[in-house]
Amino acid sequence: MSTSNILRGTLILTVGTMLSRILGLVYIFPFHAMVGDDGGALYSYAYVLYSVFLSIATLGVPLAVSKFVAKYNALGEYSVGRKLFRSGIMVMSLTGVVSFLTLFLLAPYLTPIILGGEEGVHTFDDVTFVVRMVSVALLVVPIMSLIRGFFQGYESMGPTAVSQVVEQLVRIVFLLGSLYVVLEVLNGDMTVAIGFATFAAFIGAIGGLAILVWYWFSRKKNLDSMLEKDPDTVDISYKDMYKELISYAMPFVFVGLAMPLYQLIDTFSFNKAMVWAGYTAKYADTAFGIINNYGQKLIMIPITLATAFALSLLPAITKSFYNNQHHELQKQLSKTLQILLYLTVPACIGLSLLGGPAYAAFFSYSELGGYLLTWYAPTAIPLALFTVTASVLQGINKQNYTVIGLAGGMVFKLVLNYPLILLMGPEGSIVATAVGYTASVAVNLWAIKKFTEFDYAMVLRRGLLMTIFNVIMIVAVLVSLRLLGGFVPYSEGRLEAIIVVGVSAIVGAGIYFFLSYRSNLLMYLFGNRFSFLNRKERG
């Protein structure tokens, strides 16, 4: 396939992934309006467990299968990829059934641990019910992951992109529709409503799978014609085939598990630590939902936008590394990290400064929600850095160091979570998460330097300049908040909160971008993409 087609496929997949993520962010606002903080906590208990089990059940299949199929397709051995596809459907069906039964049967035993041994707003039966409802999706999603990976191995990204968007759309429509019917039409119970909201994962998966099946039958004739040209010179056993596949998959599993594992630690320790610290079970429930559901969705906004820009440079980084183009690799790595910091840091700082009005604007006024968002927003910085540096290590085939870094970060999170919650309250779990991700990023950055001989000097110099601009931006935002606070109290309603967020964000972003433009920083970072940013250098 030509380079232009590969780039086109990558663009399609990137757009599909971005659309899916945006949909995943947007639905949370009407969701909160219907179920509030308590419903959000119940939803989070189920979804965190589901995310972990899903990552284990799929075993990094999409990327691993695509890498495996692409390798043998390049050799003209199309039958090897088809052999994997046929057996993989059965294997993924089996792992889906096993993971479903495991989560379904373990739910009553995991629930008391999640709630810290005490029933509060939600009973043990409530949590067990929603966990079991979401577990059904595990029957379908692993199969869907295999088919996506198979198509990607043929460098056909359309099926994955379209199925992702359809899956998300179907899930959200069913989720919001079922909530409305249960709560507004039938005046039903909140637990039943949240159960159907989690069951929407299964309905969405059916929609995504239907799209993939359609693509399979529409392209089967072309795929079979390739199979007929197969020289059939490679005879690989199932044992060797899956051994090779697992070697590809394991690093992807760990990277994909990063956020769910951090949330899982909170799921099993947060409520108990909060009760030990003297907080009520209801307060712990509410704080857990804010951090792991609503707050997490908001901090993903700057992460999604920033990493999209930075990750677009990764194919070029991989190419330069394997072609031993050392100078070009240094420039690409430097620009990737600078773009990431340039976009992520001010967005996260701004979200932190505007924690109270931002939470009120997106959801509803909550003193606790705004306070925890103020603490939580900065954790998006090390999380974004981890995402991008992990991808760089995968690009240069040193992903094992990502696993080491993630494991080290998890140890910090495990060790610090209880004592920091006991010492600080709910924000202690946020600090433990930030420390864990920072430790993982440190390992990744060290590995990048070791294997690419990358010099961080330019990143640090530009980072210092960005820091100065961020300090000026912080002062401007605080002044605007002070001025607006006198006559637009954001606690009075959503409109007031939107005005405060909008005006403050425009002031802060305007000053930040103006300083960046006048200093030529924008030209250095984006001038090759957006020509209007280019300015003549002064003598």
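This is a predicted model: local features need pLDDT of at least 70, side-chain atom pairs count only at pLDDT 80 or more; totals for chains, interfaces and linings use all residues.
Residues are numbered from 1 along each chain as its sequence is written. Local features need pLDDT of at least 70 and side-chain atom pairs count only at pLDDT 80 or more, while totals for chains, interfaces and linings use all residues, and side-chain values use heavy atoms, with hydrogens and water left out.

Helices here are DSSP runs (H or I, at least four residues), numbered from the N terminus. Axes are lines fitted to C-alpha atoms over the stretch in contact, with angles from 0 to 180 degrees between N-to-C directions.

| Pair | Angle | Axis distance |
|---|---|---|
| α10 (residues 258-276) and α17 (residues 400-424) | about 15° | 9 Å apart |
| α16 (residues 380-395) and α17 | roughly 150° | within 8 Å |

Let's start with α10, which is roughly parallel to α17 (angles under 35 degrees; over 145 counts as roughly antiparallel). Contact means heavy atoms within 4.5 Å, and the residues of α10 that meet α17 include Leu-261, Ile-265, Phe-268 and Ser-269. On the α17 side, Met-410, Leu-414, Asn-417 and Tyr-418 are among them. By class, this contact has 15 nonpolar, three polar and three charged residues (Ala, Val, Leu, Ile, Met, Phe, Trp, Tyr, Cys and Pro are nonpolar, Asp, Glu, Lys and Arg charged, and the others, Gly among them, polar).

Ser-269 of α10 is worth a look. Ser-269 is buried, at 6% relative accessible area (buried means under 20%, with a 1.4 Å probe and protein chains only). Beyond neighbours within four places in sequence, Ser-269 is in contact with Asn-417 and Tyr-418.

Now for α16, which is roughly antiparallel to α17. Here Phe-386, Ala-390 and Leu-393 of α16 touch Tyr-401, Thr-402 and Leu-406 of α17. These residues divide into five nonpolar, one polar and no charged.

Key:
Helices (H or I, at least four residues) and strands (E, at least two) are DSSP runs, numbered from the N terminus. Angles under 35 degrees count as roughly parallel, over 145 as roughly antiparallel, 65 to 115 as roughly perpendicular and the rest as oblique. Buried means under 20% relative accessible area, exposed over 50%, partly exposed in between (1.4 Å probe, protein chains only).
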